[in-house]
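Subject: Structure handover

Hello,

Please find the structure below, followed by notes on what was found in it.

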Amino acid sequence: MDEEYDVIVLGTGLTECILSGLLSVDGKKVLHMDRNDYYGGDSASLNLTQLYRKFRSDQPVPTDLGRDRDYAIDLIPKFIIASGELTKILVHTDVTRYLEFKQIAGSFVFREGKISKVPSTEMEAVRSPLMGLFEKRRAKNFFQFLQNWKDSDPATHQGIDLDKDSMKTVYEKFGLEPGTQDFIGHAMALYLDDDYITKPARATYDRIILYTSSMARYGKSPYIYPLYGLGELPQSFARLSAIYGGTYMLDKQVDEIVTDADGKFVGVRSGNETVKAKQVIGDPSYFGAGKRVDGGKMRVVEDGKVVRAICVLKHPIPGTDDADSAQIIIPQNQVGRRNDIYIAMVSSTHNVCAKDVYIAIVSTIVETDRPEMELAPGLALLGQIHDKFVSVTPLYTPTASGESDNIFITRSYDATSHFETVVEEVQDVWRRVTGGKPLVLKKREGGEGEQ
Amino acid sequence: MADAAASADKSIQVKLVLLGEAAVGKSSVVLRFVSNEFQANKEPTIGAAFLTQKCRLEDRVLRYEIWDTAGQERFHSLAPMYYRNAQAAVVVYDVTKAASLDKAKSWVKELQRQANPHIVIALAGNKVDLVNNAAASSSSTTEETSEDEPDDATATPAELAQAASGDGLRAVARDEAQAYATEAGLLFFETSAKTGEGIVELFTEIAKKIPIEHILASTRGGGANRPGGAASGSNAQGNVNLDANNQTPKNACNC
């Protein structure tokens with residue numbers, strides 16, 4: 001450990017591993033450390049032994065759930081949008097060669113006590129039980145308007161200016177009911193609250209198009225998922241980094257972020273060794289996690305909480321046509337909340353659990369002092385729950401950009417149901433670390449697979 | 001991604017992983033097998049870590065997809081993804097370093113615990129050229145032929161005594177490693193990436209022992225144990241190929 005590095009990365013969560021991989025490919029000398037003896041940090045997938053160690057260390061691992069090694073239970077529930085930004089990074093960096101993906105079988109939305117498939121085309125809108133006859137016609141017109149929109153052709157704009165008019169104006173123009181707005185804004189545009197309605201419609205338009213084009217790509221849902229769990233994603237980027245010279249140390253205690261008299265980063269101390277580097281990148285848990293560190297400095301602050309319930313089921317979720325996997329969005333308005341409740345379910349089809357077991361994670365942003373109660377509308381949709389692991393996780397945001405002290409801290413994984421914000425975070429940290437350079441994805445050259 | 005490879009030439013794709021302590025010559029063993037080359041002072045593995053090579057048997061062609069550790073083994077940080085779905089593993093130790101066999105044994109244990117239960121594991125005692133040379137030059141009683149045919153006789157008590165006293169000499173008796181391999185159900189070879197000794201034999205014997213029928217069956221089923229890990233999305237049921245509509249297939253066949 002007496003070498004000097006360009007960058008030390010702390011924590012092997014997805015954000016950190018993507019950055020580590022991209023920086024190594026860019027020629028930087030990277031040392032990547034994690035205090036755990038497994039990859040993934042907060043975005044790991046755990047087997048039963050690891051899950052029990054984390055949530056119920058005082059209890060033995062049950063024997064009625066099948067083999068321990070068949071399990072890879074995600075800690076953060078997210079799906080990959082087929083045409084989204086993470087897919088682009090996966091393809092450009094060629095880490096797809098380490099991974100296999102399957103579709104998520106269905107995308108559902110909760111309306112008036114029932115769940116239904118999210119329609120994504122005008123044809124599906126016409127057949128959807130979500131809307132009455134007249135509403136279907138209006139929704140059909142709305143979808144046609146979106147599909148036909150061309151920036152260069154004002155004839156397709158029908159008097160709407162996406163950059164100026166709010167989404168409210170667009171909804172009103174097509175006369176869509178509040179319930180329809182709920183599933184469009186929350187199950188297609190994937191907003192967690194209703195703030196988007198008063199903002200210019202362009203962002204919502206882009207997100208709906210992302211949803212529909214992702215849906216069209218493989219057919220069943222707009223989402224894909226890596227076999228063996230989301231924890232494969234950080235592992236694959238860690239391998240990318242290692243292949244480009246990155247050094248990996250798991251199970252390594254990080255005791256101190258060493259700074260100089262000006263507060264600038266010097267190195268990382270582990271036991272009585274200190275490794276030096278020009279910069280450090282890491283997740284909030286290495287920087288105090290909301291507590292004062294290093295002479296009273298507050299490096300990260302709490303910015304809300306997420307409550308998540310990992311539920312073990314012995315049956316598919318009722319009302320999903322026995323889907324082997326599904327996303328269900330419960331729009332906030334439908335259950336009198338400010339934030340959506342979101343369910344992500346995967347099963348043995350994705351090699352994350354034993355046969356005939358289903359893992360559903362119900363999550364939402366905490367609004368009260370009884371977070372588990374807030375999940376009730378989601379839990380109620382699951383039928384009998386065999387077992388449940390509930391956690392409340394603070395979301396941390398760094399207090400400084402890192403440009404002045406070379407300490408670059410990533411944000412916690414948010415409550416969104418997909419990875420788009422993770423990629424935004426990667427792009428943002430990249431820009432900060434490189435002194436303002438935008439992230440341009442380069443194709444990986446030669447290397448593996450060549451002879 | 002080599003989508004076409006498996007079906008086009010009817011070769012059967014086999015994921016093979018390398019394991020072993022740092023600097024025992026894992027990459028060199030593969031380089032010898034794949035390109036028939038040897039680099040004397042090879043840098044620790046950087047850049048290329050995913051090589052392919054065909055192996056022809058009488059009735060079948062295997063296409064090895066060989067994964068190198070990319071140095072992640074150095075601080076015990078290999079990801080489970082590494083040996084996931086591997087059908088074969090070569091666990092390498094250095095015949096001049098006794099501790100490297102202990103490390104090899106712990107890797108074998110790890111594989112037997114974590115990897116595919118049908119995995120074929122081979123133990124390779126590498127750098128046997130150092131022992132052969134040393135034996136030939138320093139001992140008048142050892143015949144020249146021992147370089148070509150290292151057999152049990154090479155691990156004489158005299159040599160073991162030498163190993164204890166000098167650098168670069170045998171520190172792991174062939175008998176000892178063979179006995180361990182037999183007990184643990186492993187293939188065993190002493191190899192030299194430098195001279196090529198034992199290398200082709202190593203990979204050929206692995207190929208003979210691979211349960212092809214099992215691989216084909218699980219491929220047809222599109223199930224969990226599909227060989228080759230990530231190689232293609234076309235043959236397993238319901239898998240999606242992210243690269244498919246992104247671009248025209250690049251270097252579709254690497255062989």
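In chain B, six strands form an open sheet with mixed pairing, in the order β2-β3-β1-β4-β5-β6. Helices and strands here are DSSP runs numbered from the N terminus, H or I of at least four residues for helices and E of at least two for strands; two strands pair if DSSP finds at least two bridges between them. The edges of the sheet are β2 (50–56) and β6 (187–190) of chain B, each with a single partner strand, so one side of each has no neighbour in the sheet. Neighbouring strands are turned against each other by 25° on average, direction ignored. Axes are lines fitted to C-alpha atoms, for helices over the stretch in contact, and angles between N-to-C directions run from 0 to 180 degrees.

This is a predicted model, in which local features need pLDDT of at least 70 and side-chain atom pairs count only at pLDDT 80 or more, while totals for chains, interfaces and linings use all residues. Residues are numbered from 1 along each chain as its sequence is written, and chains are lettered from A and ligands numbered from 1 in the order in which they are written.

Within the chain B sheet, β1 (residues 12–20) and β3 (residues 61–67) run parallel and are joined by six bridges. B:Leu16 is opposite B:Ile66 of β3(B). Two helices of chain B pack on this sheet. Helix α2 (residues 26–35) touches β1, β2, β3, β4 (88–94) and β5 (120–126) of chain B, and its direction makes about 50° with that of β2(B). Contact means that the C-beta atoms of two residues, placed from the backbone, lie within 7 Å. Helix α4 (residues 98–114) of chain B touches β1, β4 and β5 of chain B, at about 165° to the direction of β4(B).

B:Ser106 belongs to helix α4 of chain B. It has 14 C-beta neighbours inside 10 Å and therefore counts as partly exposed. A residue is buried if 20 or more other C-beta atoms, placed from the backbone, lie within 10 Å of its own, exposed if 12 or fewer, and partly exposed in between. B:Ser106 and B:Gly20 are 86 residues apart along the chain, and their C-alpha atoms are separated by 9.2 Å.

Chain A contains twelve helices and 21 strands. Its radius of gyration is 23 Å, close to the 22 Å from the globule rule for 451 residues, so chain A is as compact as a globular protein of that length. The radius is taken over C-alpha atoms, and the rule is 2.2 Å times the number of residues to the power 0.38. The C-alpha trace of chain A spans about 70 × 55 × 55 Å along its principal axes. Of the 451 residues in chain A, 51% are buried. Among its contacts between residues at least 6 apart in sequence, 71% join residues at least 24 apart.

Chain A has an open sheet of seven strands with mixed pairing, ordered β8-β7-β17-β18-β19-β16-β20. Its edge strands, β8 (114–117) and β20 (387–398) of chain A, each pair on one side only. The twist from one strand to the next averages 25°. Four bridges pair β7 (residues 106–111) of chain A with β8(A) in the antiparallel sense, and A:Arg111 stands opposite A:Lys114 in β8(A). Helix α7 (residues 178–188) of chain A lies across β7 and β17 (326–330) of chain A, at about 145° to β7(A).

In α3 (residues 85–92) of chain A, the buried residues include A:Glu85 and A:Leu90; the buried residues of α3(A) pack against α1 (14–25), β5 (80–81) and α12 (420–433) of chain A. In α9(A), twelve of the twelve residues are buried, so the helix is largely enclosed by the rest of the structure. Those residues pack against α1, β2 (30–33), β9 (223–226) and β10 (247–249) of chain A, together with α3 (80–83) of chain B. Just after α9(A), A:Gly245 has a positive phi of about 95°.

The largest nonpolar core has 201 residues, of which A:Ile8, A:Ile359, A:Ala360 and B:Ala89 touch the most other members. Such a core is a set of buried Ala, Val, Leu, Ile, Met, Phe, Trp, Tyr and Cys residues joined through C-beta atoms within 7 Å. Strand β16 (residues 300–313) of chain A gives the most to this core, with eight residues.

Regards
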